[in-house]
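Student: I would like to go through this model with you, one feature at a time. Could we start with the terms and then turn to the details?

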Amino acid sequence: MEKRRTISIISLMFILLMIIRAMEIIFVKTDQTWVGENILHKICCILLIWIALCMLKSHWSDLGFSKKGLFTGLKYGLFLGISTFFLSYAVEFIVLFAMGKHPSLRFYITNFSLTQTHTNGSSLLAVLVCVIGNIVNVCAEEGLFRGLFYKIGIQNYSQKTANMIQALLFGIWHITNVINPLLDGSMNIGTAVFMGMGYILLSGILAYEWGMCAALSGTLWIGASEHLFNNFISNSLHTVTETGADELMIIRITLSNILSLLFVLIFSRKKRA
């Protein structure tokens, strides 16, 4: 496959799914319903991956969802998620205490967003819906970015370049989170640009790390399990003070993402050595 054709295929698939994603976010707003997640475009994403695999005469296991390495991948992914979020929650608490506030942890389900939050409660149904929604989300995003796009990319590019391409696209994928705040007037253009760049950076960091995990392990399970844990803990475990909830979530998310990348970089260097 020529480089130009490789980029064309990835670009066309990405643009199509971005259009579907934007339409759901703007018009359907599934994340503001009892579902709590914009899940429709993720289902479309899974269907598109399935169609692509049929055309390529490949299987989901070829993308990295293989039985081999499943439990090892889940173990390492959960270790990354738990350890980095434990440290980031601790730092968030320290900063809040230094500000004279009295933080505590509360468990309840919300959608995950740095801009708009919608609470779905803490019932068993809300938790189950959150878990199922996040599983669909992880299957779609890991299968598309670290799976299909990465596999197509390495046919004509180096492993590092292919990883950077999927990480950049994954970052751009998340700038749609500023659309509704911009449209309803709760965010001005300058803030939207700043938040959009933040989404690209933070999401890109994790995407690059998960791409490294896929290259190191040969499967998607490490990134998928950390991705699932990160999303669920962000949806469910909140820092609450007398003045609000998750006021410094940006610190928690930024620190956990950076720490996770650093851990994988350190492990990668030790493995090469």
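Tutor: Gladly! Ala, Val, Leu, Ile, Met, Phe, Trp, Tyr, Cys and Pro count as nonpolar, Asp, Glu, Lys and Arg as charged, and the others, Gly among them, as polar. This is a predicted model, where local features need pLDDT of at least 70 and side-chain atom pairs 80 or more, while totals for chains, interfaces and linings use all residues. Residues are numbered from 1 along each chain as its sequence is written, and side-chain values use heavy atoms, leaving out hydrogens and water.

Student: Which element has the lowest mean pLDDT?

Tutor: pLDDT is the predictor's confidence in each residue, from 0 to 100, and the chain has a mean of 92, with 97% of residues at 70 or more. Elements are DSSP runs numbered from the N terminus: helices (H or I, at least four residues) and strands (E, at least two). Helix H4 (residues 70–98) has the highest mean, 97, and the lowest, 73, belongs to strand E3 (residues 119–121).

Student: Which element gives the largest share of the lining of the second largest cavity?

Tutor: A cavity is a set of points on a 1 Å grid over the protein atoms alone where a 1.4 Å probe fits but cannot get out, and lining residues have an atom within 4 Å of a point. The second largest cavity has 14 lining residues, with Val 35, Gly 36, Glu 37, Val 129 and Cys 130 nearest its centre. Strand E2 (109–110) and helix H5 (124–153) each give two or more residues to that lining. The largest share, 5 residues, comes from H5.

Student: How many charged residues are in that lining?

Tutor: By class, the lining of the second largest cavity has 6 nonpolar and 7 polar residues, and the charged ones number 1.

Notes
1 Å grid on protein atoms, 1.4 Å probe; cavity = no way out; pocket = protein on both sides within 12 Å on 5 of 7 lines; lining within 4 Å.
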